[in-house]
Amino acid sequence: MYNLPKLSVVGAGPGDPELITLKALNTLKSAKVVLYDALINRELLEYAPQAEHIYVGKRKNKHRYSQDEINDLIVNYANERGHVVRLKGGDPFIFGRGSEEINYAKSKGLDTAVVSGITSSIAVPASVGIPLTQRGTAESFWVITGTTSARKLSSDVYLAAQSTATVVILMGMSKLAEIVKIFSEFGKEDMPVGIIQNGTTINEQSGIGTIKTIEKVVAEKNLTAPAIIVIGEVVKESHQLPKEIKEASGFSASEYSKFLKIGAA
């Protein structure tokens, strides 16, 4: 089925090796070459024992290959071997450059396929009990990159800070001070914030505070990238919520318990 040159861009999920689709696993089993990223769980490579595994990950200031070089690897290996799987963390079409690689492969005459992944923007908050929407609390959510291709904070953060929606920021730890400043400018100093590092993995760590306190929490817990920032009232739902945040919300213990029992969509 995959003897002809083909690229499959596959989402590896947020980190837990069980949070991957059956279609993704079946695609890995047919790969001749797997080009994998930094944030995928290496256990997933065991589903492709017949394939050559090549690390092409990018971390801050540590790029083994440029994007142009990765594109060339995809085409060269597909022409030489057949089926190439590009294994990317989370979902490959959410800040994963998956569409760029698909378009490049198509321009070189390769067959292509996309296998969606479980995005970390939803699964990681859920791993600590944070729903991104909650009836009566949050009707929508933003997912924003914290660092654009120009290495700057996305201007969408300014817009998000003015809304009542939950805000999820990926790749934003190096811009945390800027994010705090923006939300503070819009009077959101007491807005709950959760930060989850290495979400859904055995190395998961998290910290919860408010816009006013989150930088102190991060320093005390030594939280670093890769981490996801969640800003909004729904953070109060977290099972890791400190007592002081519950008290700051204005609820008594009994009232807060009743609040948690309000049905979620």
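**View 1. Helix α2 passes helix α3 in a right-handed crossing.** A crossing is right-handed if the near helix is turned clockwise from the far one by less than a right angle, and left-handed if anticlockwise. The contact (heavy atoms within 4.5 Å) is made by Q67, I70, N71, D72, I74 and V75 of α2 and E100, E101 and Y104 of α3. By class, four of these residues are nonpolar, two polar and three charged. The model is predicted: local features need pLDDT of at least 70, side-chain atom pairs count only at pLDDT 80 or more, and totals for chains, interfaces and linings use all residues. Residues are numbered from 1 along each chain as its sequence is written, and side-chain values use heavy atoms, without hydrogens and water.

**View 2. Helix α2 covers residues 67-81.** Buried residues (under 20% relative accessible area, 1.4 Å probe, protein chains only) of α2 are Q67, I70, N71, L73, I74, V75, Y77 and A78.

**View 3. Helix α6 (residues 176-185) packs with helix α7 (residues 214-221).** Their axes, lines fitted to C-alpha atoms over the stretch in contact, come within 10 Å and cross at roughly 155°. That makes α6 roughly antiparallel to α7 (angles over 145 degrees). L176, A177 and V180 in α6 meet I214, E215 and V218 in α7. Five residues of this contact are nonpolar, none polar and one charged.

Methods:
Helices (H or I, at least four residues) and strands (E, at least two) are DSSP runs, numbered from the N terminus. The expected span of a helix is 1.5 Å times one less than its number of residues. Buried means under 20% relative accessible area, exposed over 50%, partly exposed in between (1.4 Å probe, protein chains only). Ala, Val, Leu, Ile, Met, Phe, Trp, Tyr, Cys and Pro count as nonpolar, Asp, Glu, Lys and Arg as charged, and the others, Gly among them, as polar. Axes are lines fitted to C-alpha atoms, for helices over the stretch in contact, and angles run from 0 to 180 degrees between N-to-C directions. Angles under 35 degrees count as roughly parallel, over 145 as roughly antiparallel, 65 to 115 as roughly perpendicular and the rest as oblique.
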